[in-house]
Amino acid sequence: AWTLKTKILFFSILAGFVDAEGSFFVTRDNMAARFSIGNYNSHILKQIQNKLTLMGYTTRLFQGVKKGYTGKDGYSHQQDYWILSVYRKHEVYRFTQSILPYLRHREKIEDAKKVLANIELRNKLYGQ
């Protein structure tokens with residue numbers, strides 16, 4: 001609960017979680033940019049979702065993989081796997097700008113910058 005008290009504290013703590021479990025990505029056709037974070041702990045993801053909603057973000061929380069599913073790699077999931085995403089262009093942009101200063105993993109920082117560049121290009125080409 002203490003991690004949700006202020007915006008700075010929330011983004012600081014969330015950035016560590018994003019560095020480990022998050023994903024910034026642009027779709028193959030370059031027509032959408034997204035942020036998502038996946039985890040087996042739906043309670044934590046719901047807390048994050050609630051805080052983001054209070055901050056004005058539209059999010060989607062959904063079950064990515066059901067318990068017992070075995071993937072192509074042979075890995076069998078022992079629990080349900082949940083995904084929280086921010087998907088509206090202007091909100092992905094705002095979220096990415098807000099969390100970028102707190103990220104520490106080079107790959108996440110680079111991916112976040114690609115998302116920002118993609119949105120800026122699409123805004124220039126097609127408008128906001």
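Student: Which elements does the cover over the buried residues of α3 include?
Tutor: The model is predicted, with local features needing pLDDT of at least 70, side-chain atom pairs needing 80 or more, and totals for chains, interfaces and linings using all residues. Numbering starts from 1 along each chain as its sequence is written, and side-chain values use heavy atoms, leaving out hydrogens and water. Helices (H or I, at least four residues) and strands (E, at least two) are DSSP runs numbered from the N terminus, and contact means heavy atoms within 4.5 Å. The cover includes α1 (7–21), β1, β2, α2 (42–54), β4 and α4.

Student: Within what arc do those buried α3 residues fall?
Tutor: Buried means under 20% relative accessible area, exposed over 50%, partly exposed in between (1.4 Å probe, protein chains only). In α3 that gives Glu-91, Val-92, Phe-95, Thr-96, Ser-98 and Ile-99. Taking directions from the helix axis to the C-beta atoms, they line one face of the helix because, down the axis of α3, they fall within an arc of 160°.

Student: Which strands stand at the edges of the sheet?
Tutor: Strands pair if DSSP finds at least two bridges between them. The open sheet has four strands, antiparallel in pairing and ordered β1-β2-β4-β3. Two strands have a single partner each, so one side is left without a neighbour in the sheet: β1 (22–26) and β3 (59–65).

Student: What angle does α4 make with β1?
Tutor: Axes are lines fitted to C-alpha atoms, for helices over the stretch in contact, and angles run from 0 to 180 degrees between N-to-C directions. From one strand to the next, the sheet's twist averages 25°. Helix α3 (residues 89–99) packs on it too, touching β1, β2 (33–39) and β4. As for α4, it touches β1 and β2, and its direction relative to that of β1 is about 35°.

Student: Which β4 residue is the bridge partner of Gln-63?
Tutor: β3 and β4 (residues 81–86) run antiparallel, joined by six bridges. On the β2 side, β4 pairs over five bridges, where Asn-39 has Trp-82 as its partner. For Gln-63, the partner in β4 is Trp-82.
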